[in-house]
Amino acid sequence: MKVNDEIRIKPVDNERPVGFADRLGAYYTATVSQTFKKDNGQFFTPQEIAQFMGSLASTDKKEINILDPGCGTAILTCALVENIVNRNPTIETVHLTAYETDCHLISLSEKALSYLKEWLSHKGVTLQYVVCVHDFILENYDCLNSSGLNFSDRKQTFDFIISNPPYFKLSKDDSRVKAAKMIINGQPNIYALFLAIATRMLKNDAEMIFIVPRSFTSGRYFNRFRDYFFRYAQLNFIHLFDSRKDTFSRDNVLQETLILKAKKKTNPEDESEITVSTCIGLHDIAKSKRKSYFQKDLIDLKSKEKMIHLPINTNEESVIDLFKSWNGSLNRYGIQISTGPVVAFRAKDYIREIENGAVFLAPLYWLHNVTKMEVHYPLHKPDKGQYIQICDHTKSCLIPNRNYIFLRRFSSKDDKSRLIAAPYFSSPDSPYCIGVENKLNYIYRPKGHLERAEVMGIAALLNSNIFDTYFRTFNGNVNVSATELRAMPMPPLETIKEIGKALILRNNFSLANVREVTDSFFELNEITI
Ligand SMILES: C[S@@+](CC[C@H](N)C(=O)[O-])C[C@H]1O[C@@H](n2cnc3c(N)ncnc32)[C@H](O)[C@@H]1O
C-alpha cells in the first residue's frame, strides 16, 4: 500500500491540473485493496464529475478561501480553481485548506497541488495551501454546537467548500459519533457529518458543493441531520444521475449519489428556487437538463421529516402534485404499519421446516413468501422454516390471524420496483395466530379489522406505478421504512376501497391489471410511466 514518493507520474506538457490529479488518483487506487477503499470511504471522483462540480462555482472576488475536506488527490479543488480562474479574470489569490487522513496518499495530494500552484502562477494567480493530515470531523466538530445563524467564532470560514467525503457507516462507539451526537439518530453515515460541519464553516454568501449518497434525502435515520442542515444551509442546486452504474465505475461502486450546491442560510424565510439537473451518466453530464422548482414544491420545511422530493421528469412532477392533493394517510385512517416481530436468530429453536403433529404450529411468513400481489405459502427454502411453534416463548412475537398487507422492508438494487406488497386474508380454518419475520412489514388496523376491499386497495396502490414513482422521488435507498409509509399521503379511504372492489370484481390480480385499475382512478397531467 506504500506509495513510492519517486513515482514516475509527472504532468505532461499543457496538462490541466484536473487531468493530472485524476491520473494520480488512478495510480493510487490501483495500489490499494477494495477493502481498504471501503474502510476509508476512498473512491475518487471521476474527472467528468469533478469538472461538473467545479463548474457550479462562480465568484468575482479577487481573493478566495477554499476548503476541501477528504481531498484525496485534490481533483475537486483543481476543477473548482480551474473553472474560477477561467471565468474570473480579476482573481489574484487562492487560499486552500485540505484535509486527508490517509498519510500514504499525502505525497500525491502534494504533487497535484504543487502542479496546480505552478499552473496558476503562469496565470498570475497565487495559491497558498495547507494539507492537514487530520480527521476533518474531530478537528472541526466543535462548530456544530454553536447556535445562531451568524456563527463566526471559528478562526476560519470559507468562500467555497467542495467535497466528495467518505461514505461509510460509523459504529456508535466511534469518537466522531459521540462528538456529533446532536445530529444523529441511529447509525450515522460519516458523509452526513462532513455535510453538517461544512454548513457551519461557510462565510456569508459562500457555497458548498458536495457529491454524496442520496440516502440523506429521506428516512428517519437522517431526520436530525436534515433538520440541522436546513437550519443552516439553503439548498439551491441538485444534480441526479439516472444510472448509478457509471458514476464510480472505475472503482466498481454501485452507489446512488447526487451532487448538491447549498449556500449559507442568512435568512430563515428565504424561499429561493432549487434547480434540479439530470443526466443519464458520465457521458452526458456536461449536457445535463435543468429545471427550477420552488423550494416548497420539493421540501416542506415545516414538516417534521423535511424529506426532499426529487423529480427527474414531468411525469414524476405530476405524481408529486397528485400526492400533494391528498390529505389522507394510513395514520389518519387508523391503520398501522409495523415490522414483523419474529427475529429469526432469536426464535431459531422454535422455527420448523415441516408440520409436526406433536406441537402447535403457526405459519411463518418471510420476505421470500411475498411478491407483488401474492403471498406464496408454503415456499420452502433452506433455513427459512415455514412454521413457528406456538408456545410461551413465542407468544409475544406472534400476531393474531387477521387480514393484513405484507410489505417487503427491503428491495434489492436490481428490483424494478421498491414497493413489493401482497394482500393476506385470514380464513376461518387457519390457526388463530401467525408469525411475520422481521424483514417484512405488516399493515393492519389495531382497533378493528381491515375489510377485504381495503386490503386489496392498499396492496394494489403500493404495487402501482404511481406509488413506485412517488417513492423513488424521495427514497434513494433500497429500504422501505415504516415511518415514511405512515406519513405518505394516501387517496381518500373511499377511493382505496373502490380500487379494492374493482379488482375483486375483475377477479384478476395480475400486475398489469392492478396497474390498469389504479391508473384509471387518478388523473395525471401526463402519464408516461
Ligand atoms: C470519497 S474519497 C474522495 C477523495 C477526493 N476528494 C476525490 O473527490 O476524489 C474521500 C477521501 O477522504 C479521506 N478521508 C476519510 N475519512 C476522512 C476524515 N475523517 N477526515 C479527512 N479525510 C478523510 C479518504 O482517505 C479519501 O481520500
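Okay, let's start with helix α16: the cover over its buried residues includes α12 (452-462), α13 (465-474) and α15 (493-506). Keep in mind that this is a predicted model. The helix itself spans residues 511-521, and the buried residues there are N513, V514, V517, T518 and D519.

Now, how does α15 sit against α16? Their axes come within 10 Å and cross at roughly 140°, and the crossing is right-handed. From α15 you've got T495, E498, I499, A502, L503 and R506, and they meet N513, V514, E516, V517, T518 and F521 of α16. Sorted by class, that contact has six nonpolar, three polar and three charged residues.

Let me zoom in on one pairing. Strands β6 (residues 233-241) and β7 (residues 257-264) run antiparallel, with seven bridges between them. If you want a spot to look at, find H239, which stands opposite I259 in β7.

What packs on this sheet?

Last topic, the aromatics. How many aromatic pairs turn up in the whole structure? The search finds 28. Take F20 and Y115: the ring centres are 5.4 Å apart and the planes sit at 75°, so we call that pair edge-to-face. F20 is in helix α1 (residues 17-29) and Y115 is in helix α5 (residues 106-121), so the pair ties together parts 95 residues apart in sequence. Buried or exposed, F20? Buried, with a relative accessible area of 1%. Y115 is buried too, at 9%.

A second pair is Y365 with F406, and this one's tilted, with 5.2 Å centre to centre and 40° between the planes. Y365 belongs to strand β12 (residues 361-365) and F406 to strand β17 (residues 404-408), so here the parts tied together are 41 residues apart in sequence. Y365 counts as buried at 5% relative accessibility, and F406 does at 0%. Both belong to one aromatic cluster, along with Y377, Y387, Y404, Y424, Y442 and Y444.

How values were computed
Residues numbered from 1 in each chain as written. Predicted model: local features only at pLDDT ≥ 70, side-chain atom pairs only at ≥ 80, totals over all residues. Heavy atoms only, no water. Pairing = 2+ DSSP bridges. Helix = DSSP H or I, 4+ residues; strand = E, 2+ residues; numbered from the N terminus. Buried < 20%, exposed > 50% of the residue type's maximum accessible area, 1.4 Å probe, protein only. Contact = heavy atoms within 4.5 Å. Axes fitted to C-alpha atoms, helices over the stretch in contact; angles between N-to-C directions. Left-handed = near helix turned anticlockwise from the far one by under 90°. Nonpolar A, V, L, I, M, F, W, Y, C, P; charged D, E, K, R; others polar. Phe/Tyr/Trp six-rings, centres within 6.5 Å; stacked < 30°, edge-to-face > 60°.
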